[in-house]
Amino acid sequence: MKYNWSIILLVLLLVLINLKSRANDNPRVFYFDNLPGNYNGFIVPMVGIFIKSAEKQNKVLHNHEMIHWNQYQKLGLFQFGIDYLYHAINIGYDKNPFEIEARVDESDYCKHNYTECIRSGTSRTTYNPNFRK
């Protein structure tokens, strides 16, 4: 049987990068004027945390994203990605347990109705009337 060594090496490299980045308790934070989907922040496993420039001083949002980074560290790239997407597809963003866990600074109402709270300004994390639009 002939193996495609470039694919095998690529997979091994991704595994090593994943292991190294999972051990990183201080991920890089990148700031951008705009993020896809009008999100205020999100993580990219193996890369770091992406946050809107306008939210640079927002400690609550940074904490929210660090919780997601810790979830990724605990579960690993593949398990975190699969579980997060499964919940997002089947029960939606607002009810996703990964998101609810990251909303530690929110009221009980906003933990489960986050999009509405972000858009209306009742969230402790941030205000964004165009969130997820």
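Rings of Phe, Tyr and Trp (its six-membered ring) count as a pair if their centres lie within 6.5 Å; planes under 30 degrees apart are stacked, over 60 edge-to-face, and the rest tilted. By this rule the count comes to 12 aromatic pairs. One of them joins Trp 69 and Tyr 72. This pair is edge-to-face, with 5.0 Å centre to centre and 65° between the planes.

The model is a predicted one: local features need pLDDT of at least 70, side-chain atom pairs count only at pLDDT 80 or more, and totals for chains, interfaces and linings use all residues. Residues are numbered from 1 along each chain as its sequence is written, and side-chain values use heavy atoms, with hydrogens and water left out.

Stay with Trp 69 and Tyr 72. Both lie in helix 2 (residues 59–75). Helices here are DSSP runs of H or I with at least four residues, numbered from the N terminus. Trp 69 counts as buried because its relative accessibility is 1%. Tyr 72 is at 0%, so it counts as buried too. Buried means under 20% relative accessible area, exposed over 50%, and partly exposed in between (1.4 Å probe, protein chains only).

A second pair brings together Tyr 84 and Phe 98. This pair is tilted, at 5.9 Å centre to centre and 45° between the planes. It links distant parts of the chain: Tyr 84 is in helix 3, Phe 98 in helix 4 (residues 97–102), 14 residues apart. Tyr 84 and Phe 98 are both buried.

Now follow helix 3 itself. It runs over residues 77–91, 15 residues in total. From first C-alpha to last it reaches 21 Å, close to the 21 Å expected at 1.5 Å a residue. The expected span is 1.5 Å times one less than the number of residues. Gly 92 follows helix 3, and its phi is positive, near 90°.

Other rings form a group. Ring pairs link Phe 30, Phe 32, Phe 42 and Phe 50 into a cluster.

Charges also meet rings. A charge sits over a ring if NZ of Lys or CZ of Arg is within 6 Å of the ring centre and within 35 degrees of the ring normal. Lys 56 lies over the face of Tyr 31, 5.0 Å from the ring centre. The charged end of Arg 103 sits over the ring of Tyr 93, 5.3 Å from its centre.

Finally, look at Val 15 in helix 1 (residues 5–22). Its relative accessible area is 35%, so Val 15 is partly exposed. Its C-alpha is 9.0 Å from that of Leu 77, 62 residues apart along the chain.

How values were computed
Helices (H or I, at least four residues) and strands (E, at least two) are DSSP runs, numbered from the N terminus.
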